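Hi everyone, thanks for coming along. Let's look at the model together, and I'll walk you through a few places in it.

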Amino acid sequence: MIEVKDLHKSFDGEEVLKGLNFVFERGKTNLIIGQSGSGKSVFLKNMLGIFTPEKGIIEYDGKPYSHFTDEERRELRKEIGMVFQGGALFDSMTVKENVMFPLKMFTKMKKSEMEERVDTVLDRVNLVGADDKMPSEISGGMQKRVSIARAIVNQPKYLFCDEPNSGLDPTTATVIDNLIQKITHEFDITTIIITHDMNSVLEIGEKIAFLKDGLLAWTGTKDEIFRTEDKTVTDFVYSSDLFKKVRDAQLKGY
Ligand SMILES: Nc1ncnc2c1ncn2[C@@H]1O[C@H](COP(=O)(O)OP(=O)(O)OP(=O)(O)O)[C@@H](O)[C@H]1O
């Protein structure tokens, strides 16, 4: 669980986050949505310790990040998996080398143990047999799966995903969403996903934080987002054709 309390962040005197409060729950896919420029990435970077907030508290399983020693911050870094927008694989490394990278960086595992772990996660993301391929030789969807495998190989407690399905066709995007959700449940991870994709909201929005102008404008679940009459939310979500179609179908009782 990651709890954020009264988080403020400014750049050059301009306040981007204006006092956010939210609990990202363990074992759930927690989504951050909102228009471009609403502060989603800045929010994520504060949680990752890349930015330091001027005010507010970020607690990792009950412990404020500001109280962590340097050593504890390094330990925490090992417990965080990251799925970057675009995958961010190392082009010059094979699939297997990419996935093994965090183990080499953060653990003292023996080579055989690392190989076993890599095989297990590649199996988990349905990439058996792709070990020796280069990123350029596999599809965008497969690259995302490699990125997920790399993010979970060190058994993280927290998984941060920045638009994990951007650039994918809708079917592959759904496969990736469902994979992240399954892994979240299976390993009881606190997963935080920034997304623009309304289909993801419908599929895996177990807990949603809707940001507007640096404030939390609404929170709820994928079921609640359909029922809310909050105009700020409806203006945003019903600008998506997909949402309109699903809501119309629901109203007709399909
Ligand atoms: N390092 C930085 N220095 C100065 N301003 C920044 C910095 N990072 C972000 N900002 C500003 O903070 C605001 C929020 O940006 P942020 O990237 O969090 O938006 P976002 O909601 O993630 O947008 P998008 O959906 O387009 O990625 C923007 O006005 C942006 O210019």
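By class, how many nonpolar, polar and charged residues does the shell around the ligand have? Three are nonpolar, six are polar and one is charged. Here Ala, Val, Leu, Ile, Met, Phe, Trp, Tyr, Cys and Pro count as nonpolar, Asp, Glu, Lys and Arg as charged, and the others, Gly among them, as polar.

A quick word on the basis. This is a predicted model, where local features need pLDDT of at least 70 and side-chain atom pairs count only at pLDDT 80 or more, while totals for chains, interfaces and linings use all residues. Numbering starts from 1 along each chain as its sequence is written.

Back to the ligand. Around it sit Phe11, Val16, Gly34, Ser36, Gly37, Ser38, Gly39, Lys40, Ser41 and Val42, each with its C-beta atom, placed from the backbone, within 6 Å. Helix α1 (residues 40-47) gives the largest share of that shell, three residues. Helices (H or I, at least four residues) and strands (E, at least two) are DSSP runs, numbered from the N terminus.

Next, the sheet. Four strands form an open sheet in the order β2-β1-β4-β5, with antiparallel pairing; pairing takes at least two DSSP bridges between two strands. β2 (14-24) and β5 (63-64) are at the edges with a single partner strand each, so one side of each has no neighbour in the sheet. Two bridges link β4 (residues 55-60) to β5, and Glu59 is opposite Pro64 in β5.

Elsewhere, β6 (residues 80-83) runs parallel to β7 (residues 158-162), joined by four bridges, with Tyr158 as the bridge partner of Ile80.

Leaving out residues up to four places away in sequence, Ala149 touches Val99, Val121, Leu122, Val125 and Leu127, where contact means C-beta atoms, placed from the backbone, within 7 Å.

Terms used: Two residues are in contact if their C-beta atoms, placed from the backbone, lie within 7 Å.
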